[in-house]
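I opened this entry to record what I looked up, step by step.

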Amino acid sequence: MAPMKLYGATLSWNVTRCVAALEEAGSEYEIVPIDFGTGQHKSPEHLARNPFGQVPALQDGDLYVFESRAICKYACRKNKPELLKEGDIKEAAIVDVWLEVEAHQYSSALNPILFEVLIKPMLGGTCDQQKVEENLEKLKNVLQVYEARLSKCKYLAGDFISLADLNHIAMTLCLFATPHASVLDAYPHVKAWWTGLMERPSAQRVAALMKPPA
Ligand SMILES: N[C@@H](CCC(=O)N[C@@H](CSO)C(=O)NCC(=O)O)C(=O)O
């Protein structure tokens with residue numbers, strides 16, 4: 001079977017979110033760069049992969065998947081279903097809870113911070129510090145919940161790693177590229193969880209890809 005193709009730019013945390021899952025699942029894949037500079041993400045060929053003209057998109061034979069978190073689930077379901085705990089309806093439900101928490105609580109607070117601090121300056125804009133501060137407060141409220149959860153179990157869904165943990169890697173690595181990573185210092189169990197995640201080869205691969213070209 002030909003390797004899967006992950007279309008996207010590795011400076012995108014939505015693309016590298018998929019890299020963490022593909023690596024952890026042991027999937028055979030290759031990254032096919034999409035050039036934003038030439039508008040390739042809006043080309044007819046890419047719109048056929050992702051009708052929103054965004055990255056990432058995944059091709060596996062005649063199957064096209066878009067939305068990073070759907071791609072991550074597909075990779076796990078195909079190559080390492082235990083990362084979704086699909087064999088146990090109760091454990092799978094808790095994995096789903098924390099998959100949703102990552103998307104709608106953690107990353108929805110972190111995304112504006114990363115956009116203001118990392119993306120806007122790259123586009124010639126200026127960082128809206130008030131928006132950063134507002135979302136840091138939201139993130140702290142989320143981290144308080146994480147700290148309580150991770151004081152009871154090693155990983156978010158229980159004492160087993162799951163896609164819910166892995167889906168945090170890309171954007172949290174970006175947080176460390178900002179002056180605000182110290183926000184994690186007040187949450188020791190979150191810090192220990194993060195340290196453990198970063199020891200994984202899948203996380204190291206994401207970190208290596210996200211380093212801007214020298
Ligand atoms: N919910 C989607 C978001 C993809 C996205 O915004 N991709 C950005 C680059 S990464 O930040 C993108 O493709 N932007 C170009 C555009 O929106 O035109 C997902 O999780 O895959």
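**Domains and their contact**

I started with the division of the chain: domain 1 covers 4–83 and domain 2 covers 89–205. I kept in mind that this is a predicted model. Next I looked up the spacing, and the C-alpha centres of domain 1 and domain 2 are 21 Å apart. I then listed who takes part in the contact: 14 residues come from domain 1 and 22 residues from domain 2.

I turned to area next. Interface size is often quoted as the accessible area lost when the parts come together. Here domain 1 and domain 2 bury about 1,500 Å² between them. Carbon and sulfur atoms give 65% of that area.

**Polar links across the domains**

I looked up the charged pairs and noted four salt bridges between domain 1 and domain 2. I also checked Glu23 and Arg205, whose side chains meet in a salt bridge at 3.7 Å, N to O. For polar contacts between domain 1 and domain 2, I recorded six residue pairs, with both residues at pLDDT 80 or more.

Which elements give two or more residues to the side of domain 1 that touches domain 2? I noted helix 1 (13–25) and helix 3 (68–79). Helix 1 gives the most to that side, with eight residues. I sorted the residues of this side of domain 1 by type: eight are nonpolar, one is polar and five are charged.

**Salt bridges in the whole structure**

I widened the search and got 11 salt bridges in the structure. I picked out Glu102 and Arg17, whose closest N and O atoms are 3.7 Å apart in a salt bridge. Glu102 lies in helix 4 and Arg17 in helix 1, so this pair ties together parts 85 residues apart in sequence.

**Aromatic pairs**

I searched the whole structure for aromatic pairs and found five. How are the rings of Trp98 and Tyr146 arranged? I logged an edge-to-face pair, 5.6 Å centre to centre, with 85° between the planes. Trp98 sits in helix 4 (residues 89–122) and Tyr146 in helix 5 (residues 129–150), so the pair ties together parts 48 residues apart in sequence.

**Backbone checks**

I finished with the backbone. Most residues other than glycine have a negative phi, and most peptide bonds are trans. I flagged two places.

- Val55 and Pro56 are joined by a cis peptide bond, with omega about 10°. I placed Pro56 in the loop between helix 2 (44–49) and strand 3 (57–60).
- Glu67 is not a glycine, yet its phi is positive, at about 75°. I placed Glu67 in the loop between strand 4 (63–66) and helix 3.

Terms used
Residues numbered from 1 in each chain as written. Predicted model: local features only at pLDDT ≥ 70, side-chain atom pairs only at ≥ 80, totals over all residues. Heavy atoms only, no water. Domains from an automatic or database assignment. Contact = heavy atoms within 4.5 Å. Buried area = accessible area lost by both parts, 1.4 Å probe. Polar contact = N/O pair within 3.5 Å; in protein donor to acceptor, adjacent residues only side chain to side chain. Helix = DSSP H or I, 4+ residues; strand = E, 2+ residues; numbered from the N terminus. Nonpolar A, V, L, I, M, F, W, Y, C, P; charged D, E, K, R; others polar. Phe/Tyr/Trp six-rings, centres within 6.5 Å; stacked < 30°, edge-to-face > 60°.
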